[in-house]
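This report describes the fold, surface and sheet arrangement of a single protein chain. The sequence and the structure are shown first.

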Amino acid sequence: MELTEETLSKTYRYKGYVVNMRSDEVRLPDGTQALREVVEHPGGVGIALENENHEFYMVSQWRYAQGRVLREFPAGKREKGEDPLETARREIAEETGYEGEDFVDLGPLVPTGAYDTEVIEMYYAKAGRYVGQHFDFDENLALSRMTLDQIIDEIMEQKIIDAKTIAMAFKIREMKNRK
């Protein structure tokens with residue numbers, strides 16, 4: 001069964017600092033036409049950084065669009081043309097103050113595939129030397145440490161609801177179980 005849709009036109013409705021919004025006219029596989037709204041996002045990374053005590057660094061920060069504080073693995077937006085691993089190295093040092101070592105690629109995550117182009121590249125790493133935190137000008141966060149079991153408990157209690165954090169926690173648990 002053919003599922004591919006053909007883009008006939010793209011009309012930008014908004015161009016912003018982080019995202020662009022467009023409306024696309026498409027041809028469906030049966031030949032009819034439809035409208036698709038698309039949020040363009042440059043993509044990002046999520047990093048699960050584990051220290052020698054088997055604790056993961058977690059950040060809590062106000063997420064304006066959600067109107068609340070979320071606890072999550074450190075993450076950040078990719079700069080144009082930036083390699084995802086370089087983004088991960090930069091973001092983990094900025095948010096936790098630690099360099100990452102022995103990075104393991106956990107693969108991509110598509111958080112909202114119906115209308116958003118964002119892909120989050122997920123990584124696991126060991127904590128290296130402390131280099132100090134360096135937040136972006138508009139970034140405020142609190143750093144904490146949790147074991148993987150504590151993270152999964154908070155996921156199951158619906159205290160942690162961030163999609164990348166949920167996916168990464170279960171992928172890491174499975175990765176460790178398969179060793």
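## Contacts and burial

This is a predicted model. Among contacts between residues at least 6 apart in sequence, 56% join residues at least 24 apart. Of the 179 residues of the protein, 40% count as buried.

## Overall architecture

The secondary structure comprises three helices and 10 strands. Read from the N terminus, the elements follow the order β-β-β-β-β-β-β-α-β-β-β-α-α. Along the principal axes, the C-alpha atoms occupy a box of roughly 60 × 40 × 30 Å.

## Surface and charge

The side chains include 24 positive and 35 negative ones. The centres of these two sets lie 1 Å apart.

## The three-stranded sheet

Three strands form an open sheet in the order E1-E2-E3, and their pairing is antiparallel. Strand E1 (6–15) and strand E3 (33–40) each have a single partner strand and stand at the edges, so one side of each is left without a neighbour in the sheet. From one strand to the next, the twist averages 20 degrees.

Strand E2 covers residues 20–27 and is joined to E3 by eight bridges, the two strands running antiparallel. In this part of the sheet, Arg-27 stands opposite Gln-33 in E3.

Terms used. Residues are numbered from 1 along each chain as its sequence is written. This is a predicted model: local features need pLDDT of at least 70, side-chain atom pairs count only at pLDDT 80 or more; totals for chains, interfaces and linings use all residues. Side-chain values use heavy atoms; hydrogens and water are left out. Helices (H or I, at least four residues) and strands (E, at least two) are DSSP runs, numbered from the N terminus. Buried means under 20% relative accessible area, exposed over 50%, partly exposed in between (1.4 Å probe, protein chains only). Contact means heavy atoms within 4.5 Å. Lys and Arg count as positive and Asp and Glu as negative; His and the chain ends are not counted. The place of a charge is taken as NZ of Lys, CZ of Arg, CG of Asp or CD of Glu. Two strands pair if DSSP finds at least two bridges between them. Axes are lines fitted to C-alpha atoms, for helices over the stretch in contact, and angles run from 0 to 180 degrees between N-to-C directions.
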